Amino acid sequence: MGEMPARMRRSLLGYMPVDSPIYRLHPATRLLFLLVVSAYPMLIRMPELNVLGSIFMLILYKVARVDLTIIKNYKMAFVNLFFVIAIAYTFFGGYRPEYRVLAELGPVKICWENLRWAIVVYIQLIFAILIMIFFLSTTRERDVVVGLRALKVPFVLSYMAGLALRSIGLSIIDFNTIREAEKARALDLDALPFSEKVKKFGMYIVPLVALAIRRSDEVSNALDSRGFSFSGLKTAGRTDYILSKYRLTVLDYLVLVLMALFFAGIVASQLMGWFRVEDSLLYRL
Amino acid sequence: MAIIEVEGLRWRYLGSDWVLKGIDLSVEEGEFVAVVGPNDSGKTTLAMCLNGLIPNNYPGVMEGRVVVDGMDTREHSVAEIARSVGFVFPDPESQFLSMTVEEEVAFALENMGLPVDEIEERLEWALRLTKIPEDYLEKPPYELSGGEKQRVAIASILAMRPKIIILDEPTSMLDPIGKTEVIEVLREMKRSYNATVIVIEHRLEDIAPLADRVILLYRGEVLRDAPPREFFEDVDFLLEHDVFPPDVMVVVNELRKRGLYNGPIPLTLEEAERALREALGRR
């Protein structure tokens with residue numbers, strides 16, 4: 001096992017070196033980066049540009065010193081995603097007389113046009129997933145909360161977002177604890193056939209829900225005991241100490257301007273009809 | 001002057017029998033009170049009555065009156081009472097509300113609307129008192145050791161500078177090192193922070209020397225309420241009620257029964273040593 005660098009900071013998806021350049025950016029800048037860059041794969045369908053975007057993201061991973069092995073953890077998810085999309089589009093994508101039929105499986109016609117859409121959507125999603133992994137790898141719950149508050153999102157909503165993020169982590173821990181407890185009682189889920197696995201997963205739901213309810217009860221008591229009372233979205237009189245620790249720097253302004261230009265470019269491309277999927281190389285095949 | 005007044009307090013959760021069966025209690029400002037008793041004697045329920053979680057957050061039937069720092073707990077919300085009463089739960093993880101130590105300690109201070117400078121000053125003070133290093137500020141509290149977690153929980157309450165601090169079995173979920181760390185913090189609190197402290201605790205050997213009063217709660221009733229020396233005087237009575245005094249007290253009690261020692265029950269190790277020397281000298 002490799003030695004972990006001395007100073008690491010826990011992010012939502014793992015650990016990041018404390019001296020990563022990404023930490024020079026204000027959390028609000030990082031949050032806006034997620035929102036703006038995510039608009040790219042959602043609005044631009046041309047696969048070549050989404051492949052370029054994915055390459056750009058991988059470069060950012062290196063610059064931000066995100067451990068690229070984290071992507072390997074998702075390789076099965078990438079493969080499964082491809083099959084799900086391919087099946088959905090090829091089997092249920094519909095048929096028109098002008099479509100080129102590649103194969104026929106009984107009543108189902110596998111057409112190039114549907115498969116092409118599957119490839120387009122898959123590449124879009126890969127780019128979107130890379131953006132999300134990057135964000136989660138470089139961001140802490142605290143950054144999300146600070147980012148939202150800096151963008152003037154009410155405290156209650158930003159705090160709820162933070163709690164939701166944390167509850168995902170806690171539920172995973174609970175799930176693993178229950179699994180370990182079952183293993184300790186000689187239930188080897190891995191050895192069971194798929195149908196049995198699905199049935200057994202039902203067993204996890206009850207304790208997980210019970211634990212979640214107990215946790216929410218505890219959090220509610222703890223919130224009350226620390227003087228927090230819910231009075232709607234406006235929390236008048238509450239100091240934002242944590243937000244006061246952050247300042248926007250010249251670098252932030254520079255990145256924000258670049259993002260604004262980038263977003264304007266995406267919007268303009270949509271209005272002007274640039275980078276259409278029909279202009280793609282795939283459509284010349 | 002009494003800062004806590006409990007009169008004829010009876011409480012039962014919905015669908016259960018009476019958990020508290022008529023508690024009368026008065027705690028003076030600055031007192032350090034230890035509450036002991038076996039499991040299911042109503043200690044946690046009593047603690048929750050003192051910070052208003054009962055009756056505000058739990059359905060049940062309450063009779064009698066609880067007044068803390070001039071606030072009747074029926075008439076004030078938990079958040080209002082929290083400005084006077086800090087509450088430390090047994091499980092440190094269940095009370096964490098944030099993902100870094102800094103946010104955790106500052107959370108209540110932000111709710112109080114204190115200026116940033118004052119939050120910073122209180123945060124540093126609370127961390128110093130609980131001996132939490134400053135480089136822990138950016139760490140998630142979940143990743144600390146058990147003792148450190150509970151110290152962070154205590155720091156986040158201390159930072160509010162409440163007049164009353166209630167600690168509900170603060171060492172029950174900790175390993176021996178963690179327990180010692182927390183007891184050390186309680187000792188420091190007693191020495192340098194003059195709040196009213198109510199501790200529910202099983203480690204009697206550590207709490208007895210710190211407490212001004214010890215209260216035995218048994219099946220929802222206060223059976224004994226006395227200064228530590230008087231409280232531990234009748235060791236047999238305590239053992240009959242499932243309270244296990246420190247071993248040295250039990251040993252010295254046996255020596256007394258056999259006529260080998262006739263002094264008071266020792267509260268500290270030093271006192272126990274003197275008692276044993278005296279007993280050995282008599283042989």
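Along the principal axes, the C-alpha atoms of chain B fill a box of roughly 65 × 45 × 35 Å. Of the 283 residues in this chain, 48% are buried, and among contacts between residues at least 6 apart in sequence, 65% join residues at least 24 apart.

Within chain B, strand S7 (residues 164-168) is mostly covered, five of its five residues being buried. The covering extends to both faces of the strand, with Ile164(B), Ile166(B) and Asp168(B) buried on one side and Ile165(B) and Leu167(B) buried on the other. S7(B) pairs in the parallel sense with strand S6 (residues 85-88) of chain B over four bridges, and in this pairing Val88(B) stands opposite Leu167(B). S7(B) is also joined by five bridges to strand S8 (residues 196-200) of chain B, again in a parallel arrangement, with Val197(B) in S8(B) as the bridge partner of Ile165(B).

Just after H1(B), Gly52(B) takes a positive phi of about 85 degrees. A cis peptide bond, with omega about 10 degrees, joins Ile54(B) and Pro55(B), the latter being placed in helix H2 (residues 53-56) of chain B.

Most residues other than glycine have a negative phi, and most peptide bonds are trans. In chain A, positive phi values occur at Lys152(A), where phi is near 70 degrees, and at Phe275(A), where phi is about 50 degrees. Lys152(A) lies in the loop between helix H6 (141-150) and helix H7 (155-184) of chain A and is exposed, with 8 other C-beta atoms within 10 Å. Phe275(A), found in the segment after helix H10 (250-272) of chain A, is partly exposed, with 18 other C-beta atoms within 10 Å.

Between the chains, 29 residues of chain B are in contact with 25 residues of chain A. On the chain B side, helix H3 (78-82), helix H4 (101-111) and helix H5 (116-129) each supply at least two of the residues that touch chain A, and H4(B) provides the largest share, seven residues. By class, this side of chain B has 17 nonpolar, eight polar and four charged residues.

The mean pLDDT of chain A is 87, with 98% of its residues reaching 70 or more. Confidence in chain A is lowest in strand S1 (residues 8-10), at a mean of 79, and highest in H10(A), at 95. Over residues 1-6 of chain A, pLDDT stays under 50, and the model has one contact beyond four places in sequence for these residues. Where pLDDT is low, the predicted coordinates should not be read in detail.

Conventions:
Residues are numbered from 1 along each chain as its sequence is written. Chains are lettered from A and ligands numbered from 1 in the order in which they are written. This is a predicted model: local features need pLDDT of at least 70, side-chain atom pairs count only at pLDDT 80 or more; totals for chains, interfaces and linings use all residues. A residue is buried if 20 or more other C-beta atoms lie within 10 Å of its own, exposed if 12 or fewer, and partly exposed in between; C-beta atoms are placed from the backbone. Two residues are in contact if their C-beta atoms, placed from the backbone, lie within 7 Å. Ala, Val, Leu, Ile, Met, Phe, Trp, Tyr, Cys and Pro count as nonpolar, Asp, Glu, Lys and Arg as charged, and the others, Gly among them, as polar. pLDDT is the predictor's confidence in each residue, from 0 to 100. Two strands pair if DSSP finds at least two bridges between them.
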